[in-house]
Amino acid sequence: MLLVALLIVPLAAAGLAYFARTRVAMEAVNLAAFTVILVVALLLGRQVLASGPVALWDGFFYADELSALVILLTASMAMVCSVYAVGYMREDERSGALASDDSGATANSKLRQYYALTPLFVFAMLLVTLANNLGVMWVAIEATTLASVFLVMFYGKVTSLEAAWKYAIIGGVGLSMALFGTVLAYYSAHNLAGSETLAGLNWSVLASHAAQLDKTTMRLAFILALLGYGTKAGLAPMHTWKPDAYSEAPVPAAAILSTAMLNCALYGLVRFYILSTRCLGPDFAGGLLITFGILSMGVSAPFVLVQRNYRRLLAYHTIDHAGIMATALGVGGALGSLALMLHMTFHTVAKGLLFLCAGNVSQHFKTDLFRKIKGGVIQAMPVTGVIFLMAILAIIGMPPFSLFQSEFLIVRAALAGGHSVASVLFIVFGMGVFAGALIHIGSLVLGPSDGAPAAEWHPWRNTPMLFLAAVLVVIGFWLPAPLLALIRGAARVVTGE
Amino acid sequence: MHSVLNPEFGDKIVTLTAAMVLVLQIAMAAQRWLVTNIRIFGLQSFLLAFIAGTIAVFNGAPHLFMAAVLTLLVKAILVPILLERLVDRIGIRQEIEPFINAPLSVLISGALTLAGYIVSESIYRSDPHTSSAALGHNTLAVAISLFLIGFFTMINRRKALTQVLALLSLENGLFLATISLTYGMPLIVELGVFFDVLVAVLVLAILVYRIRETFDSMDVSRMRRLQG
């Protein structure tokens with residue numbers, strides 16, 4: 001019931017928003033739908049905690065603690081961003097950014113595009129986490145790309161087209177590898193009885209027979225799935241679409257891309273990681289994941305250091321964090337898995353907040369380039385400035401914020417697991433990103449003002465920002481018990497205890 | 001059904017057709033005309049539908065009929081028509097201008113075919129019971145070769161539309177792999193994949209159209225604004 005509601009509501013919202021005539025109606029449909037989805041996600045979390053995994057239609061849909069956690073994070077970000085989007089899109093409409101497109105689209109049709117595609121995008125992400133069948137999961141991940149391509153080229157500029165093209169083609173090629181991996185995972189089970197039915201590709205079935213799967217085929221399947229879903233998660237060297245897509249999409253969509261969609265791609269990886277470790281032992285998949293993870297951190301560090309555009313800086317920062325999470329998954333074990341789930345939760349809150357701050361700055365100063373904003377964000381927009389600074393301190397891992405805890409846990413788990421080289425590199429690259437982000441955003445916020453006018457108070461955009469900021473501060477000190485239980489449960493799904 | 005027809009005969013037909021599919025893939029990697037390229041892709045998809053149908057008849061896997069019909073409708077008819085219309089509408093120059101010339105492309109494709117055989121060997125040897133999927137491993141090798149040559153073609157092309165074609169032929173390789181390894185995926189997954197392919201072609205066609213309008217060219221190597 002809950003699972004069906006999670007899928008029906010966003011689909012219905014997409015349809016309604018498409019046929020809505022006025023801006024207010026589209027906004028209302030989105031806000032209402034995402035509120036319902038968040039409530040259902042909370043209920044689902046409660047049910048999973050109380051009575052274990054929820055299945056529907058012979059296990060076609062399946063939600064365990066891992067799914068419930070990712071769903072909760074997706075639903076929360078979708079809700080926060082839908083409130084923010086109201087203010088953001090109204091400002092775009094007022095400033096004429098929506099009508100500047102040379103394809104002759106009116107502002108209203110642009111709004112319709114945004115408000116209909118976003119629920120569709122969220123629908124695809126929820127389907128990723130609910131589908132038990134690995135084939136259906138692949139179809140859903142491909143659908144997230146297709147639903148978000150037009151969000152990336154939303155403004156119709158030359159650069160948006162370039163970004164959308166890269167996103168669609170790199171994503172398409174990457175995911176074709178993941179499909180090959182899925183086919184091979186299916187094939188690896190063909191010695192088992194009943195493998196040629198629909199349930200034969202169900203993750204829960206494969207996971208419970210993982211020890212009997214064909215080992216060579218599973219090895220190849222994991223490599224292909226890692227390349228494919230790694231492309232979607234933006235692991236280096238398949239990350240090149242990411243800075244472009246994040247800097248060209250409207251800010252609320254970019255926030256969803258860099259948090260919820262990253263989580264969904266990692267979710268796909270985690271599912272394959274579990275199959276692979278149960279079939280081949282932890283070393284094979286772990287080694288590959290750590291290699292790609294550390295490489296992503298290493299590739300993103302120099303780009304953060306020399307970055308000229310603050311939205312691209314945030315994108316490289318997300319690549320860094322995708323690498324951190326891949327490393328945590330690769331280290332594995334009870335500690336590594338727990339660190340991964342904690343980090344996924346904390347990163348979602350902090351990165352979402354950063355994008356909202358960047359959106360406020362971008363709309364006020366009308367540019368994304370550091371050199372055009374000498375500084376003085378804190379004078380022109382004190383609330384956004386303070387929160388921006390706080391969020392950047394949080395995400396680069398300063399205590400007392402929560403990301404310090406999760407990154408510390410990852411290093412501890414890595415050292416305990418004997419990955420000393422990886423730990424050293426992790427810290428070195430982490431320092432590079434730390435310095436780059438702090439210097440750039442610090443001077444952006446605190447640098448000398450060039451007399452930009454003070455911003456007005458925008459309730460639609462500032463309320464969600466203040467809300468996320470409050471959440472970020474609170475989870476640094478205290479995690480609500482049910483959330484912690486869900487995180488621990490998700491980590492147990494990975495370790496299979 | 002399979003008591004009447006000899007599966008070995010079906011196997012021979014499939015292997016022969018797969019060989020033709022591979023030849024078409026190499027032809028696609030090497031030749032220079034856009035419309036010909038689209039037609040070769042259509043023909044290749046038609047042959048794949050034929051392979052799926054043959055396996056469905058000779059090996060008693062009736063659900064593959066559905067996949068065969070879908071391949072025929074979507075990839076052999078609908079997608080080529082859509083792409084040819086797009087070509088007409090944007091009135092592009094017909095030549096492809098790859099980075100690497102035709103003779104060298106054929107050589108590289110040959111090397112990739114060899115690589116395909118080596119990879120498929122390792123998957124097959126690991127597995128003593130080929131009973132559920134007893135198709136000669138030629139088909140799997142061809143499938144992997146299609147996949148690799150598709151990759152190569154993708155890198156080798158500068159124009160947006162030809163990259164879409166390369167992506168689609170890569171997808172064809174995947175389809176051949178699924179039918180030769182496991183007699184296709186479960187039907188609902190297969191339907192989902194076809195739906196995704198169709199939507200992807202539509203999305204990419206719109207993108208190609210907009211790129212052509214904005215850049216006055218389809219040459220994606222000119223898109224160099226976003227860096228660093």
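This is a predicted model: local features need pLDDT of at least 70, side-chain atom pairs count only at pLDDT 80 or more; totals for chains, interfaces and linings use all residues.

For the complex, the predictor gives an ipTM of 0.86 and a pTM of 0.91. Chain A has a mean pLDDT of 89, with 97% of its residues at 70 or more. Chain B has a mean pLDDT of 81, and 86% of its residues reach 70 or more. Within chain B, the pLDDT is below 50 over residues 129-133, a stretch that has 8 contacts in the model beyond near neighbours in sequence.

Now chain B itself. There are 7 helices and 0 strands in chain B. Of the 228 residues in chain B, 49% are buried. If you take the contacts in chain B between residues at least 6 apart in sequence, 78% of them join residues at least 24 apart.

Where do the two chains meet? The contact involves 39 residues of chain B and 37 residues of chain A. On the chain B side, four helices each supply at least two residues: α4 (102-125), α5 (137-156), α6 (160-182) and α7 (187-215). Helix α7(B) gives the most, with 13 residues. Sorted by class, this side of chain B has 24 nonpolar, 10 polar and 5 charged residues.

Next, the interior. In soluble globular proteins, nonpolar side chains tend to be buried together. The largest nonpolar core in this model has 282 residues, and those with the most contacts inside it are Leu353(A) and Ala391(A). Helix α10 of chain A, residues 251-280, contributes the largest share of that core, 20 residues. And what is Leu353(A) in contact with, leaving aside its neighbours within four places in sequence? The list is Ile387(A), Ala391(A), Met465(A), Leu468(A), Ala469(A) and Leu472(A).

One helix to look at in detail is α16 of chain A, residues 402-416. It has 15 residues and reaches 21 Å from its first C-alpha to its last, close to the 21 Å expected. The buried residues of α16(A) are Ser402(A), Leu403(A), Ser406(A), Glu407(A), Ile410(A), Val411(A), Ala413(A) and Ala414(A). As background for reading that list, an α-helix has 3.6 residues a turn, so residues three or four places apart point the same way. The cover over the buried residues of α16(A) includes α12 (310-331), α13 (333-365), α15 (382-395), α17 (420-446) and α18 (459-477) of chain A. Just after α16(A) comes Gly418(A), which takes a positive phi of about 80 degrees.

Helix α12 of chain A also holds Arg311(A). Is Arg311(A) buried or exposed? Arg311(A) counts as buried because 22 other C-beta atoms lie within 10 Å, and the cut-off for buried is 20 or more. Not counting residues up to four places away in sequence, Arg311(A) touches Tyr246(A), Ser247(A), Ala358(A), Ser362(A) and Asp368(A). Arg311(A) and Leu369(A) are 58 residues apart in sequence, and their C-alpha atoms are 8.4 Å apart in space.

Last, some backbone geometry. Most residues other than glycine have a negative phi, and most peptide bonds are trans. Here are some exceptions in chain A. The peptide bond from Ala236(A) to Pro237(A) is cis, with omega near 0 degrees. Pro237(A) sits in the loop between α8 (215-233) and α9 (241-248) of chain A. Pro399(A) and Pro400(A) are also joined by a cis peptide bond, with omega about 10 degrees. Pro400(A) is in the loop between α15 and α16 of chain A.

As for phi, Trp57(A) is not a glycine and has a positive phi of about 50 degrees. Asp58(A), also not a glycine, has a positive phi of about 55 degrees. Trp57(A) lies in the loop between β1 (54-56) and β2 (61-63) of chain A, and Asp58(A) is found in the loop between β1 and β2 as well. Trp57(A) is exposed, with 10 other C-beta atoms within 10 Å. Asp58(A) counts as exposed too, with 11 C-beta neighbours inside 10 Å.

That's the end of the tour.

Methods:
Residues are numbered from 1 along each chain as its sequence is written. Chains are lettered from A and ligands numbered from 1 in the order in which they are written. Two residues are in contact if their C-beta atoms, placed from the backbone, lie within 7 Å. Ala, Val, Leu, Ile, Met, Phe, Trp, Tyr, Cys and Pro count as nonpolar, Asp, Glu, Lys and Arg as charged, and the others, Gly among them, as polar. A residue is buried if 20 or more other C-beta atoms lie within 10 Å of its own, exposed if 12 or fewer, and partly exposed in between; C-beta atoms are placed from the backbone. A nonpolar core is a set of buried Ala, Val, Leu, Ile, Met, Phe, Trp, Tyr and Cys residues joined through C-beta atoms within 7 Å. The expected span of a helix is 1.5 Å times one less than its number of residues. pLDDT is the predictor's confidence in each residue, from 0 to 100.
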